[in-house]
Amino acid sequence: MSERLEDIAAAMSARGKGILAADESTGTIKKRFDSINVESTEDNRRDYREMLFRSDEAMKECISGVILFEETLFQKAKDGTPLAQIIADAGAVPGIKVDKGAQALAGTEIEKVTEGLDGLRERLKKYHEAGARFAKWRAVITITDNTPSHNCIHANAHALARYAALCQENGIVPIVEPEVLMDGEHSQHSIERCEIVTEWCLKEQFQELYYAGVSLEGMVLKPNMIVPGQKSGTKASVDEVAERTVRVLKRCVPAAVPGIAFLSGGQSDEEATAHLSAMNAGYDLPWALTFSYGRALQAAALSAWGGKPENVAAGQRAFTHRAKMNSLAATGEWSKDKEKAA
Ligand code: 5MM
C-alpha cells in the first residue's frame with residue numbers, strides 16, 4: 001500500500017466502507033465486558049477482537065480501517081499472527097488511538113481537555129513500525145447551561161492540531177475527533193444548541209489545523225452528528241438530523257478533506273445507520289461521508305458472543321450484519337426494509 005498520507009486518507013474514506021472503532025481503553029472495555037458478565041482479561045480482550053477482525057466478509061467488503069488500543073496493536077491472535085496483520089490482510093488500514101484520555105480542565109468543574117502530547121513523537125515512530133498508518137485523538141465537549149467555554153474549545157482544538165501535525169510528520173494520517181457529547185444530565189441540551197456548539201468547535205478546529213500547518217488532504221475528521229441531548233426529553237426526525245448535520249459540515253469543513261467519519265456517540269445502532277444513509281442519499285457532498293462507529297458497530301456482536309467460544313460464529317454474523325447496513329448507509333442505500341430482510 002502507498003505510504004503517501006493522501007493515499008492512506010483516501011483508502012480510509014473508500015466508497016461504501018467505514019472505520020471500526022475498536023480502541024476502547026482498559027476501563028471502557030471493562031465496562032462493555034461487565035455488561036455481558038465477562039471478565040476483562042488480556043486473553044478475553046484478544047479473543048473478542050480477534051473474532052471481529054476475522055469476520056472476513058465484513059472486513060473485506062465494509063471496513064476501510066480499524067482503530068486499535070495500544071495493547072491490541074502489539075497483540076497476537078491465538079495462532080501467533082499479529083492482530084494488525086489480520087486487519088491489513090483483509091485490506092483494511094490498522095490505526096491506533098494515541099491520546100491519553102480526557103482530564104479535568106484546570107479552573108472548571110465539568111470541562112475536560114485531552115492529554116497525551118508529551119513524548120508523542122517517539123510513540124508515533126513505534127506505532128508506525130508496528131504497522132499503524134493512522135491515529136486517533138478524541139476531545140470531548142460538554143453542553144450545559146454554562147458550557148462549553150471558549151477556553152475548553154480552544155485548548156482541545158489546539159491539542160488536536162498539535163497531535164495532527166506530529167502524526168503527519170511521522171507518516172501517519174490523523175483522525176481529528178472533537179466530540180460534542182450527546183449524553184450527560186442536562187435538560188437544556190436541544191438540537192439547536194448542539195448545532196451552534198458543533199459549528200463553533202469545528203470553526204475553531206480548522207483554524208487551529210491551519211495554524212499548525214496540517215495538510216487537509218492527509219487527515220480524516222470524526223465529528224458528532226447534530227442531535228438533541230439524550231436527557232433533553234426531545235427527539236428529532238432522521239431528516240432533521242441529516243439536514244442540520246450536513247449544514248454545519250458544509251459551513252465548516254473544507255472540501256480538501258477527503259473523508260468525514262462519524263462517531264455514533266450513544267445513538268442506537270439503527271439510528272446511527274439511518275442518519276448516515278439520509279445524509280448520503282439526500283445531499284450533494286464534497287467529501288466522503290461515512291462511519292467510524294464503536295458502540296453502534298459492536299453492541300450486537302458483543303452480546304451475541306457473550307464471552308463463549310461456541311458463540312464466535314454468532315458474534316461474527318451480528319458484526320457482519322451491522323457492518324453491511326452501515327456500508328449501505330455510506331452510499332445512501334440503506335432502508336428499513338433491507339434491515340428487516342437481512
Ligand atoms: C471505542 O470507543 C473509543 C474509545 O473510548 P475510550 O477512550 O473512552 O475508552 C471512542 O473514542 C470511540 O472511538 C468514539 O467515541 C466513537 O465510538 P462511538 O461508540 O461513539 O461510536
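## Ligand site, pocket and cavities

Asn37 lies in the loop between H2 and helix H3 (42–53). Helices (H or I, at least four residues) and strands (E, at least two) are DSSP runs, numbered from the N terminus. Asn37 is not a glycine, yet its phi is positive, at about 55 degrees. The loop between E6 and H8 holds Pro148. A cis peptide bond joins Thr147 and Pro148, with omega of about 10 degrees.

This is a predicted model, in which local features need pLDDT of at least 70, side-chain atom pairs count only at pLDDT 80 or more, and totals for chains, interfaces and linings use all residues. Residues are numbered from 1 along each chain as its sequence is written, and side-chain values use heavy atoms, with hydrogens and water left out.

**The ligand**

Which residues are closest to the ligand? They are Ser25, Thr28, Lys97, Lys136 and Ser264, from a shell of 18 residues. A residue counts as near if one of its heavy atoms lies within 4 Å of the molecule. By class, the shell has three nonpolar, six polar and nine charged residues. Here Ala, Val, Leu, Ile, Met, Phe, Trp, Tyr, Cys and Pro count as nonpolar, Asp, Glu, Lys and Arg as charged, and the others, Gly among them, as polar.

A polar side-chain atom of Thr28 lies 2.5 Å from an oxygen atom of the ligand. For Gly265, a backbone N or O atom is 2.8 Å from a ligand oxygen. A polar backbone atom of Gly294 also lies 2.8 Å from an oxygen atom of the ligand. Taken alone, the ligand exposes 500 Å², and the protein buries 89% of that. These areas come from the Shrake-Rupley method with a 1.4 Å probe.

**The pocket**

The ligand sits in the largest pocket. That term requires more than half of its atoms to lie within 2 Å of the pocket's grid points. Strand E6 (134–141), strand E7 (173–180) and strand E10 (288–293) each give two or more residues to the shell around the ligand.

On a 1 Å grid over the protein atoms alone, a pocket is an open set of points with protein on both sides within 12 Å along at least five of seven lines, a cavity is a set where a 1.4 Å probe fits but cannot get out, and lining residues have an atom within 4 Å of a point. The largest pocket has a volume of about 1000 Å³. Its lining counts 38 residues, and Ser25, Thr28, Lys97, Lys136 and Arg138 are the closest to its centre. Helix H2 (26–34), strand E5 (112–114) and helix H7 (120–129) are among the elements that each supply at least two lining residues.

**The cavities**

The structure holds two cavities of 30 Å³ or more. A volume is the space filled by probe spheres set on the grid points, which are joined across faces, edges and corners.

| Space | Volume | Nonpolar | Polar | Charged |
|---|---|---|---|---|
| Second largest cavity | about 30 Å³ | seven residues | two residues | no residues |

The lining of the largest cavity includes Val180, Met182, His189, Ser264 and Gly265. Ala139, Ile141, Ile153, Pro178 and Cys201 are among the residues that line the second largest cavity. E6, helix H8 (150–169) and helix H9 (191–211) each give two or more residues to that lining. H8 gives the most, with four residues.

Key: Polar contact = N/O pair within 3.5 Å; in protein donor to acceptor, adjacent residues only side chain to side chain.
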